[in-house]
Amino acid sequence: GCSMSKAYLQEWIDKAEEDYEVAITLARKRKRPTPDAVCFHCQQCAEKYLKAFLVQSKVIFPKVHDLLELQKLCLTVDSTFELIGDLLDGLNPYSVEFRYPGEQATGEEAKASVKAIKVVRRFMRDKLKV
């Protein structure tokens with residue numbers, strides 16, 4: 001029923017917020033910075049917010065981490081999702097690639113990710129009315 005889907009939606013939002021908190025907290029660390037983790041949690045926050053919007057819009061989405069694929073689905077409901085395309089594109093590589101040896105995020109990339117997620121998060125929270 002309605003309350004179940006509301007609880008499910010809230011869970012996506014809560015999980016997104018948890019990733020946001022982790023990203024921001026890690027980004028503030030001066031000693032032993034962890035840019036990979038910052039970028040990863042920024043990407044995860046965006047992914048979960050997009051999925052929350054799709055849940056709210058009752059749009060079925062595949063099990064993907066691709067932010068642009070999720071954005072395309074959001075665009076079928078709301079054309080203003082065009083506005084965050086570049087930001088999502090910037091965050092997109094950090095889902096899995098950076099969690100293994102061979103790929104390293106830089107401090108600059110971590111800063112850019114935090115900047116991007118702040119804008120994306122504000123946009124998404126407006127859409128979700130939270």
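The side chain of glutamate 109 reaches the backbone nitrogen of threonine 106 at 2.8 Å, where a polar contact is a pair of N or O atoms within 3.5 Å, one able to donate a hydrogen and the other to accept it, and residues adjacent in sequence count only if both atoms are side-chain atoms. This is a predicted model, in which local features need pLDDT of at least 70 and side-chain atom pairs count only at pLDDT 80 or more, while totals for chains, interfaces and linings use all residues. Residues are numbered from 1 along each chain as its sequence is written, and side-chain values use heavy atoms, with hydrogens and water left out.

Glutamate 109 lies in helix α5, residues 107–128; helices here are DSSP runs of H or I with at least four residues, strands are runs of E with at least two, and both are numbered from the N terminus. Its relative accessible area is 28%, so glutamate 109 is partly exposed; the classes are buried under 20%, exposed over 50% and partly exposed in between, with a 1.4 Å probe and protein chains only. Not counting residues up to four places away in sequence, glutamate 109 touches Cys39, Tyr94 and Gln104, a contact meaning heavy atoms within 4.5 Å. Glutamate 109 and aspartate 36 are separated by 73 residues in sequence, yet their C-alpha atoms are 8.8 Å apart.

Is aspartate 19 buried or exposed? Aspartate 19 is buried, because its relative accessible area is 7%. This residue belongs to helix α1, residues 2–28. The side chain of aspartate 19 makes a polar contact with that of lysine 48, at 2.5 Å. With neighbours within four places in sequence left aside, the contacts of aspartate 19 are His41, Gln44, Cys45 and Lys48.

Now the chain as a whole. The protein chain has five helices and zero strands. Of its 130 residues, 44% count as buried. Among contacts with a separation of 6 or more, 65% come from residues 24 or more positions apart. The C-alpha trace spans about 45 × 25 × 25 Å along its principal axes. A compact globule of 130 residues would have a radius of gyration near 14 Å, and the 15 Å of this chain agrees with that; the radius is taken over C-alpha atoms, and the globule rule is 2.2 Å times the number of residues to the power 0.38.
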